[in-house]
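Subject: A structure for you to explore

Hi there,

Here is the structure I promised to pass on. Have a look around it first, and then read my notes below.

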Amino acid sequence: MTLRTLPWGSSGLGTQDHQSDMYVPAFRAHPGFTLVEATGPAAAGDLTAAIRETGAQVVSVCAPPGERADRIVEALRAGCHVLADKPMAPDVADARRVADAAAETGLVCMPAHHHRFGASVRSAASALAAGRIGLPWNVQADFLVDGGDPCPEGELVNFGLYPVDVVLALTGRAVRRVHALPGRDPRRSTVLLLDHDSGLTSTITVGRLPGTTAPLGSLALHRYRISGSGGVMDVDAARPAATVRSVVGTRAAWHGDGTVGRMLTALHTAIVSGRPPEAGPADAVAALRVTDAAARSLALGTPVPIDPPPHDSQEDNA
Amino acid sequence: MESLSATVRVLVVGTGFIAAQHAAAVHAEPRLELAGVVDIDPGRAAAASRANGGVPWYTDLDAALAETRADGAVVCTPNDTHAGIAERVAAAGAHLLIEKPLATDVPGARRAVEAFARAGRVLMPAHSHRHYDYALTVQDVIRSGELGDVDLVRLSILGGWIWPDWRGWMLDPSRSGGHALHNGVHLLDLVTWWTGDTPETVHARGRRQTAAELEIYDYLEMTVRFAGGAVAVCEMSRGHRPASYARRDVLVTGTGGMLALPWDAESGTVTDESGTALLPPAGTDGFATQMAAWADAVTGAPATVTGADGLLAVGMGVAAERSIATGLPVRVDDVLKEAA
């Protein structure tokens, strides 16, 4: 089943244009989706009209961060499933509003936390769940990007959601306390010390390196070491890939679909099967709560608690 | 200071597990000569004497210092004895290489430093990792300026259980000072040496991973914030599973680039019926390098590790233990001031 998909907006944080750079090429390459485009007056900025005109079933929302939550809710109310650029909303309250709309409409709303769909991350999540290393008690993670344009809002806001979401996806343990330590340039790097449920702890470095001879904007280091009661698992999220050296430099050649392509397959599967998506609004809320708490911790210089969500909240399943 | 041509006569004090490596390093260093061994247990002292060519053995440190007229001592006794022994060695006018930590608390470390300052003798805490190949490589790269200003250091030294006796003093915090002091000071000292910066706060998390009944934390994560803006995450573990696990991993990022020294960087791997493991690296003997550095200092060169370094490492270790207890970051300066 091919789903008619409408790209909406091309705004991100700073100079990012995830719509043009990531999502549109991935939708175009994916057999489960067909891109549609509004051509009439609706193209000028009326999302509901554009959905009506194109008959879109899915909307890829990259509206400016300040209005992103409104556009996602609008798309859901118009009967469309949504892929939402990250961050899905600028704050937790807006993310919860999106989650409520998705729950009411019964439609799929997937935050584009695409790194949790990486092949090595998914195989690690399966192995962890199957008990290969027993009960996990610690995760050490690094998410360091080499070069590219610094995010005006800081790399914690920009990149932080990705490794936090992966740690939550791997372990399934909600975060209860955050201590964030700023790097030399706080906008460029942050260290997150997280206390999770069931005594799990994790430590995540998030940052942007100054740019070396590596391909611009490539991930210099994206890895997770998980310690468990019965063993240890190392996850290099840059795998599986071949190393290619040539006269113009060295690059990694990713095997098979990248993380965005795998995310779209998961989106397609959730829509056509009716099964809950592998990532939903509750995951966006959970990750945002952590990065929000980290920002408060940076401001206060102390650890910040995160209260458990209300009992009936979807976050219990995050 | 002694002339370069004179042989420096050395006592090894305490003849437990680590003493044999120090004694071997003394034998390997041409400027040093083993003058005798000391242990409060006569059986252990006599056995150490036999293992070292029949050198004189003693059960009393003061008698050993007086009778052998040793120029220096290498101290390998339990941690809670360090400060007192250091003062006695200084009073005898001898130089000292002392196993880490310099003391189990800041007042003891300060007394030792002051005693050697008064005596005009060399005090070198055995922060042996500074003398290992990997640590020197990281130091050389940072000092070369290739990485710019250091932003982040990750240092992980992870392993399974190593202590052979559940009744050992190292498992008793009142004797060892706790694991942050017993093994943790290695990492705290290294990241401070590498960054060349002043540690401001330590936020530590500890686990009794091997058994809930342990009195020490056999997994430590100690996050240090430096005055210049760098952050270091230090992991020290004896609690990983399987118990054969052995891993060392270094990552340094700076304003100019990144250094990665992953666990499998030093040698090849072997896969056998028990799984895949790293072959033992054939590097330089860090204990011998350390002993040579001490001999350099005793014969007039600047000490590579000073008493002040040892005092600071103790302060950071105390801060780590306190942070684990409170769950909050602890200012190193506060710990050092309180004890002043």
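A salt bridge here is a side-chain nitrogen of Lys or Arg within 4 Å of a carboxyl oxygen of Asp or Glu. By that rule, A:D142, A:R223, B:R154 and B:D249 are linked in a network of salt bridges.

Some ground rules before going on. This is a predicted model, in which local features need pLDDT of at least 70 and side-chain atom pairs count only at pLDDT 80 or more, while totals for chains, interfaces and linings use all residues. Residues are numbered from 1 along each chain as its sequence is written, chains are lettered from A and ligands numbered from 1 in the order in which they are written, and side-chain values use heavy atoms, leaving out hydrogens and water.

Over all chains, the structure holds 34 salt bridges. One of them joins the side chains of A:D283 and A:R116 (3.3 Å, N to O). A:D283 lies in helix α9 of chain A and A:R116 in the loop between β5 and α5 of chain A, so this pair ties together parts that are 167 residues apart in sequence. (Helices, H or I with at least four residues, and strands, E with at least two, are DSSP runs numbered from the N terminus.) Both A:D283 and A:R116 are buried, where buried means under 20% relative accessible area, exposed over 50%, and partly exposed in between, with a 1.4 Å probe and protein chains only.

Another salt bridge links B:R205 with A:D195, with the closest N and O atoms 2.7 Å apart. B:R205 sits in strand β8 of chain B and A:D195 in strand β8 of chain A, so the pair joins two chains. B:R205 counts as buried, at 10% relative accessibility.

A:D236 and A:R239 also meet through their side chains (3.4 Å, N to O). Here A:D236 is partly exposed at 29%, and A:R239 is exposed at 54%.

**The sheet in chain B**

Seven strands of chain B form an open, mixed sheet in the order β12-β11-β7-β10-β9-β8-β15; two strands pair if DSSP finds at least two bridges between them. Its edge strands are β12 and β15, each pairing on one side only. Strands β7 and β11 of chain B run antiparallel over nine bridges. Which residue in β11(B) stands opposite B:R154? That is B:L251.

**A strand in chain A**

Strand β3 of chain A is covered on both faces: A:V58 and A:S60 on one side, A:V59 and A:V61 on the other, are all buried.

Enjoy exploring!
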